[in-house]
Amino acid sequence: MSPAVHTMSDARERRGFLPFPVAHGFVTVLFSTVALIGACLVFAPSSLSSGALAGSLPFAAVIAIVGLGQLLVVQQGGFDLAVAGGVSLAVVISTHFPDGDNAKLLPAVLIAASCALAAGLLNGILVGFIQLNAIIATIGVNALLYGAVFGVSGGVPRITTPLLAEIAGGDTFGVPHSVYFAIAALLVVSFVLKKTVVGRRFEAIGANPLAARAVGLHVRFHQMMAYVYAQLLCCLAGVLLAGITREPTAFQGDSLLLPSVAVVVLGSTSLLGGRGFPFSTVLAAFFLNQLSQFALAVGVPYSAQTIIQALALGFGIGVYSVRWTRNTKRRANV
């Protein structure tokens, strides 16, 4: 079969029964979310009440932002296991440096962003230029970040500033401000990835680094920048968490590592790198968060939330693996 026919076949495969091209992952997550909402309406309607959504949507937005950062790293065939440390450091800097003084909030946020930039550069240099294993490198950087967390906070929580609580924890037209931040992050990431030359090169490098290097693309630089972008998004998530939670702990980011990977996989982004699906990732964040709310509403203990997230991650990997195997066999028979 010619390349042109392959392209037409791929386009039909993405389109399915819808009148416009969509990613399979988006359709899968969309149908799963609709099914979950239906289950909530039948078995746990309280999980969809206005009060429940007002309390859960901010955390879904935080998961979405962290997931977008992890998405960019996964597109380059890596993992950022420094998510927990990056988020936690942004939380403690945003709360401890101002110490309740609104006038000191902006400098604190700038310090948090500078630390995120430094952590991302360190991750990127270790992985992109020194060629260390991504898991080992980011675990080491995560340890350094937690050292900074304890250095700043001493392990003692601090009440957030009123201004940050209003910006991150408030709402407009009934929608939490954190959701607007997540939408803004989604639009920026989607536009850069899908509508710019830099984004197309970024995806091409993730799909085939050797071929990209052969045509003169700066592979290592783009790989490094993926970790920088990820840590900056983790910083944004941490600052929002500091405002959403009245008295955030020094370990606020610990619960975000597994969800950050799960939403990327549920969004159908290949763990081997290549194309990414920001909209599917954000929708998966809502799905995963609502799944946790449903489980709590039907009586599943909070301690089982990690198991639920792990099962969702396994489901995403299973769906992707089955589809990838089927497509590979079909093309091999052509």
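What does Arg158 count as, going by its relative accessibility? Arg158 counts as partly exposed, at 27% relative accessibility (buried is under 20% relative accessible area, exposed over 50%, partly exposed in between, with a 1.4 Å probe and protein chains only). All the views below come from a predicted model, where local features need pLDDT of at least 70, side-chain atom pairs count only at pLDDT 80 or more, and totals for chains, interfaces and linings use all residues. Residues are numbered from 1 along each chain as its sequence is written, and side-chain values use heavy atoms, with hydrogens and water left out.

**View 1. Arg158 and Asp99 meet in a salt bridge.** Their N to O distance is 2.9 Å (the rule asks for a side-chain nitrogen of Lys or Arg within 4 Å of a carboxyl oxygen of Asp or Glu). Look at where the partners come from: Arg158 sits in the loop between α6 and α7, and Asp99 in the loop between α4 and α5. This pair links distant parts of the chain, 59 residues apart. Helices are DSSP runs of H or I with at least four residues, strands are runs of E with at least two, and both are numbered from the N terminus. Asp99 is partly exposed because its relative accessible area is 48%.

**View 2. Glu203 and Lys194 make another salt bridge.** Here the N to O distance is 2.8 Å. Glu203 has a relative accessible area of 11%, so this residue is buried. The salt bridge count for the structure is 2.

**View 3. Val156 comes within view of Pro248.** Val156 belongs to the loop between α6 (134–153) and α7 (162–169). Follow the chain from Val156 to Pro248 and you cover 92 residues, yet their C-alpha atoms are separated by 9.5 Å. With a relative accessible area of 48%, Val156 is partly exposed.

**View 4. Peek into the second largest cavity, about 50 Å³ in volume.** The structure holds 2 cavities of 30 Å³ or more (a cavity is a set of points on a 1 Å grid where a 1.4 Å probe fits but cannot get out, and lining residues have an atom within 4 Å of a point). Volume is the space filled by probe spheres set on the points. Helices α4 (83–96), α5 (105–129) and α11 (219–244) each give two or more residues to the lining of this second largest cavity. The top giver is α5, with 4 residues. Among the lining residues are Leu89, Cys115, Leu145 and Gln231. By class, the lining has 9 nonpolar, 2 polar and no charged residues.

**View 5. A nonpolar patch lies on the surface.** Leu117, Leu121, Ile125, Phe129, Ile130, Leu132, Phe221 and Leu232 form this patch, with about 660 Å² of accessible area together (members have over 30% relative accessible area and no salt bridge, and nonpolar side chains are joined within 5 Å). Both α5 and α11 give two or more residues to the patch, and α5 gives the most, with 4. Zoom in on Ile125, in helix α5: at 39% relative accessible area, this residue is partly exposed.

**View 6. Phe173 and Ser268 have a positive phi.** Most residues other than glycine have a negative phi. Phe173, with a phi of about 55°, sits in the loop between β1 (171–172) and β2 (175–176). Its relative accessibility is 79%, so Phe173 counts as exposed. For Ser268, phi is near 75°, and its place is the loop between α12 (257–266) and α13 (278–297). Ser268 counts as buried, at 8% relative accessibility.

Note on methods: On a 1 Å grid over the protein atoms alone, a cavity is a set of points where a 1.4 Å probe fits but cannot get out, and a pocket is an open set with protein on both sides within 12 Å along at least five of seven lines; lining residues have an atom within 4 Å of a point. Ala, Val, Leu, Ile, Met, Phe, Trp, Tyr, Cys and Pro count as nonpolar, Asp, Glu, Lys and Arg as charged, and the others, Gly among them, as polar. Patches are made of residues with over 30% relative accessible area and no salt bridge: like charges are joined within 9 Å, nonpolar side chains (Val, Leu, Ile, Met, Phe, Trp, Tyr) within 5 Å. Accessible areas come from the Shrake-Rupley method with a 1.4 Å probe; for residues, only the protein chains shown count as cover.
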